[in-house]
Amino acid sequence: MRPQAHKRVMLVEDDETLAEMYAIRLKAEDFDVMRAENGKVALEDIPRFKPDLILLDIMMPEMNGIEVLKYLRHQKETRTIPIFILTALSQGRDRTVGLEAGADDFIIKSETMPKEVVQKVKVALDAASVAHNF
Amino acid sequence: MISGLLLNMESIGVLIICITCIFLGLVVYLKDPKDIANKYFIGFALFSCLIVSSAYVSEFFVNTNEWVTLLLSRITFGSVVGMCITLYFFSLVYPFHIKLSRYVNLLNLFILICATILFIVTVFTSFFATGIKHTQWGFDVITSNAYFQIFLPFSLILLLTSLIIFVRNYFNTYGIKKLQLKYLLLGFGIFVLLEVLFNTTIPIILDNQSLYRIGNYSIIFFVGFIAYGIIKTGLFDIKVVTTETIVILLSLGLLIEVFLSNSVGEGMLKSIVWLLAVFGGFSLIRSVRKEIKQREEMETLAKERERALKEVDERNKNLSTLQKFSDIVLDNNEMKPMIQQIINTIPKEIDECMGVVVALVDQESEKMKGYALSETNLSDGLLDKWKEVVRSTAIPLKNRENLLMMAYHSQKEQKGNNLSDFVSPPLDKTLARELQTKSDIKGLIAIPLSAKDERFGVAIYGLKHPIEDIATEAISMMAAISNEVSLAVQRAIAYENLKKANDYLKDLDQMKDEFISVASHEMNTPLAAIQGYLSMILDEGMGKVDATAKEYLDRVYASSKRLAVLILDLLNVSRIEQGRIHLMYGEIGPEELVQSVIDELSVKSNAKKIYLKFEKPEHKLPQTWIDINRIREVLVNLAGNAIKFTEKGGVTIEAKVDGRSLEFTVSDTGVGIKQEDADKLFKKFSQLNREKNEFQGSGLGLYISKKLVELHSGKIWIESPPAGGGKGAIFKFTLPIVSQKPADPFEGEGAVLTKPTTSDADKIDVKNPMESYLKQVK
């Protein structure tokens, strides 16, 4: 196996405090974190940053998360990147819509603690790199 | 003796003839003295009468005064000329004036002059009638050769020409005129024929004039046919009252004859004749009367029918007009185009109306404003001027100085012929007059527009004639149409109000939806941060905290968990209250459901060292379609409560089939519930014990559970607790077994996924959702 460079996680979240919290937690696990405060900025930055995984908040101003998700899934470069949707609502509808639009997982911010979030990220990236290597 | 009798029979005949001739002539003449045909006719009648009477009288003087006889005979001959000439001229003007060229008119004048000369010569000279010859039957008139060379040909040619003209006329007329002419023709024809025959041809053949009388008396044919023509066909347009008069006169005449008779025998004969005449006359009268009555009845009926048809026609036209307007009203929802269409159609449907102006009340400004104007085919400049005036007119409602406002205030039609009376003040009088003259408006009527108690405005109709000359039907029509317009306005206003209310409600709905989502999101976001950081500190030991701080932070964490539950419950209740919950059905077996609940809560029950078990029934329970998450929530709520209030023993969950429903039971061995408290339990914010408990609820759990169960058409209740409590509580709920996935009316609806930006000023302010929501809803 090749020596692993630091994995890059793109965090698309408009709330400062929350974004900071996830970033701290991720960085504590040696992830490179880039934050975008909304969908438009995210789409601009993703091609440059080339993340290995994207954490995508659903409810955002200007462009909602689902639109961003669909767009990303449409692009060749970002079609296979693991994307987790973050939501504050525990409504079932968000989950179905999100998963149908192509998200890999669905995280309820107020129920899933940062530790778990990072755990999920790790699992997904491991799986992805395994697939990649094959 | 017999000849004497005959002679006296002859007198009856002559009398009859003369009376009827004169009478007929008079009747025809008096019918229309100005009609030239009637003048000729009376001339003809008089001459004919003269012929017969002079011939008759001439005989009395044969033996006494020959000269008188000769004179009277000459008069007879002269009358023949007169008769011929009047007949000739009559034929030229009856039944229609034959247009003749100047030359023919000159010729006619010449003929007239000749006839006059002939008449004078015949009567006053011996040029034609030279003398009297006594014979056994009376006498003969000795005629000169000139008689045969001039007199006869002249008369005969005139007669023939007249007849030819009559025949030609007969073939050129149609209908009743033809019939009338027929009688006339027959009358004249026979008379003339016989006259000619017995006065000219036969004497020549027989070489005596004994039978000339017959020729004269054949005039009765003429009279008879004419009379018949009058009776049957209204010849000369004479109404048939004459029949009675003729009959009466004849009877009188004959009666006189009876009294003038020289002997009883003669008297009796004449009486018989008289009786016959009277009898015949009266039956004639009767049949004629009947015929007249019939004819009049038919005429009346025909007139009635025509009038009725006309009325029906009129009414149909009105109905179809009103229908047209009804259709316009029904076709249109928006007021302006509808009213415009109506007032454009009005001038097309009502002849007298040139155009309509509608003015409506503007409640806010308390003014009567010009609203719409018929788009008639006035010149562009003029129409624009009208439009400008209509658009700019705004009359304060309290104005009562013109007929327009009077119509509004009195709610009665106002009529007039001057536009300035209707709109000035405040409009300029000269302007009004100018508009009126240029548009050629002669009359006006202002009709108020109102329905029930509401007064919408006024419609002014411009008319082609002064208002006094406008038919009442037209005015009623305009009133009816104004009524339609009022109803239309009412309907349009109601529709627009309804639309506004609807739009508002829709907006409100959407706002509420957004509010819930946004509020939920907004409240959970800081909560996630609180819990997240706390978890990193407390669970993962990131950052250094001493024991006291840790203890305090533990309490913070517990509170934040409670807050999370509260927020969730509050939002759920909010959604339930507004009917915003829609169930997402999934098929599941009850055992699976219960088991998952037990799995989730086992941690808690184990921590308290009490049991949590599922008592399965013997048979397998059927699958059913329910909102799995939400029913799970209900079970978690009930079982969680049970665990909370049980210190010893445990909680049992059961499920079984009861009829067409599934029945779930959650029972515990805890403190139980008092009877008086049981009723309050399912209400909002009910809590029995306010013990400090890490799993303290929000007070909404049971309320939400109740609502969720009821959304499934199920029931939830507490089984009567044992008296005094202490033996635990039993909660039950039922859910109907649903074997097929119910239709989801909200298929495809997603949550509000875009956070409204602060630039959407009217929408929820995300920094302060509560305040902005309250502001909106107010």
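Colleague: Happy to start with the ground rules!

Modeller: This is a predicted model, where local features need pLDDT of at least 70, side-chain atom pairs count only at pLDDT 80 or more, and totals for chains, interfaces and linings use all residues. Residues are numbered from 1 along each chain as its sequence is written, chains are lettered from A and ligands numbered from 1 in written order, and side-chain values use heavy atoms, without hydrogens and water.

Colleague: What makes strand β1 of chain A mostly covered?

Modeller: Four of the five residues in β1(A), residues 8-12, are buried, meaning under 20% relative accessible area (1.4 Å probe, protein chains only).

Colleague: Why are β1(A) and β2(A) said to pair?

Modeller: Pairing takes at least two DSSP bridges, and β1(A) has five with β2(A) (residues 32-36), in the parallel sense, so they pair. In this pairing, A:M10 has A:M34 as its bridge partner. β1(A) also pairs in the parallel sense with β3(A) (residues 53-57), over four bridges, and there A:L11 stands opposite A:L55.

Colleague: Which residues make the contact, and how many from each chain?

Modeller: With contact meaning heavy atoms within 4.5 Å, chain B gives 29 residues and chain A gives 30.

Notes
Buried means under 20% relative accessible area, exposed over 50%, partly exposed in between (1.4 Å probe, protein chains only).
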